Amino acid sequence: MRAAERRGKYLWLVLDGEALVIHLGMSGQLLVEPADSPRERHLHATLDFADDGPQLRFVDQRTFGGLALTDLVLGRGGREVPQPVAHIAPDPLETVYDQAGVVRALKAKNTEIKRALLDQGLVSGIGNIYADEALWRAGVHGRRITSTLTKPTLARVLDQAAEVMREALGQGGTSFDALYVNVNGASGRMTLNVYGREGRPCKRCGTPIMRERFMNRSSHFCPTCQRKR
Ligand SMILES: [Zn+2]
């Protein structure tokens with residue numbers, strides 16, 4: 001193995017001329033364990049490394065995740081990525097990420113800003129929860145139409161999305177239950193300002209946070225800080 005890499009929600013190990021892509025799905029876990037530690041009940045795969053160090057184990061209580069050996073191809077932004085990742089846009093923390101290009105693409109679209117943030121072909125790595133956090137921080141309602149927002153406002157939303165992702169990585173992500181852990185089995189400690197806080201006061205202005213249905217999920221927002229128009 002040469003490297004462990006990521007783009008958006010995709011993880012992969014770079015091998016000689018190919019890649020092992022790991023889909024965590026809804027409940028998959030990657031754990032680093034000594035080779036002699038007991039097998040987990042839902043252990044699906046064990047990876048041994050040439051240095052005879054700890055193993056990497058793929059554990060999944062359900063079966064939405066999986067591993068796939070694939071070719072490496074030239075992906076978006078000129079980066080070599082596994083075939084299943086070829087259509088995925090760079091995420092805001094990659095060196096090949098071109099924020100000005102994403103702003104131009106958003107400005108040219110007539111779509112809701114939150115829908116655009118979740119479109120992995122435009123910018124990857126921003127899921128439902130972190131989209132809500134970024135929009136709240138930027139003071140923009142998720143149903144605003146991208147073409148009607150100014151370029152500085154679009155850039156502010158993307159800056160906040162990158163900041164949320166950086167913080168989340170630093171805090172180990174957001175753990176809603178015991179399944180969401182890092183490779184050492186520890187839960188994330190990311191503090192959410194708006195997601196899951198329906199009816200509680202906005203941390204900026206005190207207005208109760210609202211929730212509405214969005215793409216079969218929920219959007220959380222402050223009706224004062226984030227005006228629909
Ligand atoms: Zn507010």
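Predicted model: local features only at pLDDT ≥ 70, side-chain atom pairs only at ≥ 80, totals over all residues.

Mentor: Residues are numbered from 1 along each chain as its sequence is written, and side-chain values use heavy atoms, with hydrogens and water left out.

Trainee: What makes residues of domain 1 and domain 2 count as being in contact?
Mentor: Contact means heavy atoms within 4.5 Å. By that rule, 13 residues of domain 1 are in contact with 15 residues of domain 2.

Trainee: What area do domain 1 and domain 2 bury between them?
Mentor: About 990 Å² is buried between domain 1 and domain 2, and 51% of it is on carbon and sulfur atoms. Buried area is the accessible area (1.4 Å probe) that two parts lose on being put together, summed over both.

Trainee: How many salt bridges are counted between domain 1 and domain 2?
Mentor: The count is zero, where a salt bridge requires a side-chain nitrogen of Lys or Arg within 4 Å of a carboxyl oxygen of Asp or Glu. One residue pair in polar contact is found across the interface of domain 1 and domain 2, both residues at pLDDT 80 or more. A polar contact is a pair of N or O atoms within 3.5 Å; within protein, one must be able to donate a hydrogen and the other to accept it, and residues adjacent in sequence count only if both atoms are side-chain atoms.
Mentor: On the side of domain 1 that touches domain 2, the elements giving two or more residues are β1 (3–7) and β4 (28–33). Helices (H or I, at least four residues) and strands (E, at least two) are DSSP runs, numbered from the N terminus. The largest share of that side, four residues, comes from β4.

Trainee: Why is asparagine 128 called buried?
Mentor: Buried means under 20% relative accessible area, exposed over 50%, and partly exposed in between (1.4 Å probe, protein chains only). Asparagine 128 has a relative accessible area of 8%, and is therefore buried. Asparagine 128 belongs to helix α3, and 10 of the 11 residues of α3 are buried.

Trainee: Which elements do the buried residues of α3 pack against?
Mentor: They pack against α2 (113–117), α4 (151–171) and β10.

Trainee: What joins the side chains of asparagine 128 and lysine 114?
Mentor: A polar contact of 2.7 Å joins these two side chains. The side chain of asparagine 128 also reaches the backbone oxygen of serine 218, at 3.1 Å.

Trainee: Why does arginine 137 count as buried?
Mentor: Its relative accessibility is 19%, so arginine 137 counts as buried. Arginine 137 lies in α3, residues 128–138, and its side chain makes a polar contact of 2.9 Å with the side chain of glutamate 167. Setting aside neighbours within four places in sequence, the residues in contact with arginine 137 include Gln160, Met190 and Arg204.

Trainee: Is cysteine 225 buried or exposed?
Mentor: Cysteine 225 counts as buried because its relative accessibility is 18%. Cysteine 225 lies in the segment after β10 (217–221). Beyond neighbours within four places in sequence, cysteine 225 is in contact with Gly139, Cys202, Arg204 and Cys205. The C-alpha atoms of cysteine 225 and valine 140 are separated by 7.5 Å, although the two are 85 residues apart along the chain.

Trainee: What makes methionine 215 partly exposed?
Mentor: Methionine 215 is at 36% relative accessibility, and therefore counts as partly exposed. Asparagine 216 is at 74%, so it counts as exposed. Methionine 215 is in the loop between β9 (210–214) and β10, and asparagine 216 is in the loop between β9 and β10.
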